[in-house]
Amino acid sequence: MYYKFNGFTQRLVGAAASTAYNPQKADGLPVHLKRGVPDKLLYRTTMALTIGGTIYCLVALYMASQPRSQK
């Protein structure tokens with residue numbers, strides 16, 4: 001699909017402007033989940049990696065703060 005942009009305003013012009021993707025529809029979904037299953041999968045994967053990384057860092061900090069026994 002081809003869109004023609006108009007100058008600095010970057011607004012879509014022509015017949016394609018009315019059928020273009022509109023992320024500001026009032027349907028109750030946040031903008032990062034508007035496109036369905038791929039967005040949900042990407043969002044959940046990102047959240048899982050973020051939470052997993054945070055837990056890993058906290059465990060690593062805890063282990064680093066414990067003194068090692070001298071043998």
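Author: Gladly! A word on UniProt annotations to begin with: they may be inferred rather than shown by experiment. Here the unreviewed UniProt entry annotates residues 41–64 as a "transmembrane region". Please keep in mind that the model itself is predicted.

Reader: What share of residues 41–64 is helix, and what share is strand?

Author: That stretch is 100% helix and 0% strand. Between its end C-alpha atoms the distance is 34 Å.

Reader: In what order do the elements of the protein chain run?

Author: Starting at the N terminus, the order is β-β-α-α.

Reader: How far can I trust each part? Where is confidence lowest, and where is it highest?

Author: pLDDT is the predictor's confidence in each residue, on a scale from 0 to 100. Strand S2 (residues 11–13) has the lowest mean, 55, while H2 has the highest, 94. The chain as a whole averages 77, and 65% of its residues score at least 70.

Reader: Is methionine 47 buried, exposed or partly exposed?

Author: Buried means under 20% relative accessible area, and exposed means over 50%. Methionine 47 has 34%, so this residue counts as partly exposed. Methionine 47 lies in helix H2, residues 37–65.

Reader: Which residues make the nonpolar surface patch?

Author: Tyr43, Met47, Ile51, Ile55, Val59, Tyr62 and Met63 make it, with about 710 Å². Across the 71 residues of the chain, 4% are buried.

Terms used
Residues numbered from 1 in each chain as written. Predicted model: local features only at pLDDT ≥ 70, side-chain atom pairs only at ≥ 80, totals over all residues. Heavy atoms only, no water. Helix = DSSP H or I, 4+ residues; strand = E, 2+ residues; numbered from the N terminus. Buried < 20%, exposed > 50% of the residue type's maximum accessible area, 1.4 Å probe, protein only. Patch = residues over 30% accessible without salt bridge, like charges linked within 9 Å, V, L, I, M, F, W, Y side chains within 5 Å. Areas by Shrake-Rupley, 256 points an atom, 1.4 Å probe, with all protein chains shown as cover. Salt bridge = Lys/Arg side-chain N within 4 Å of Asp/Glu carboxyl O.
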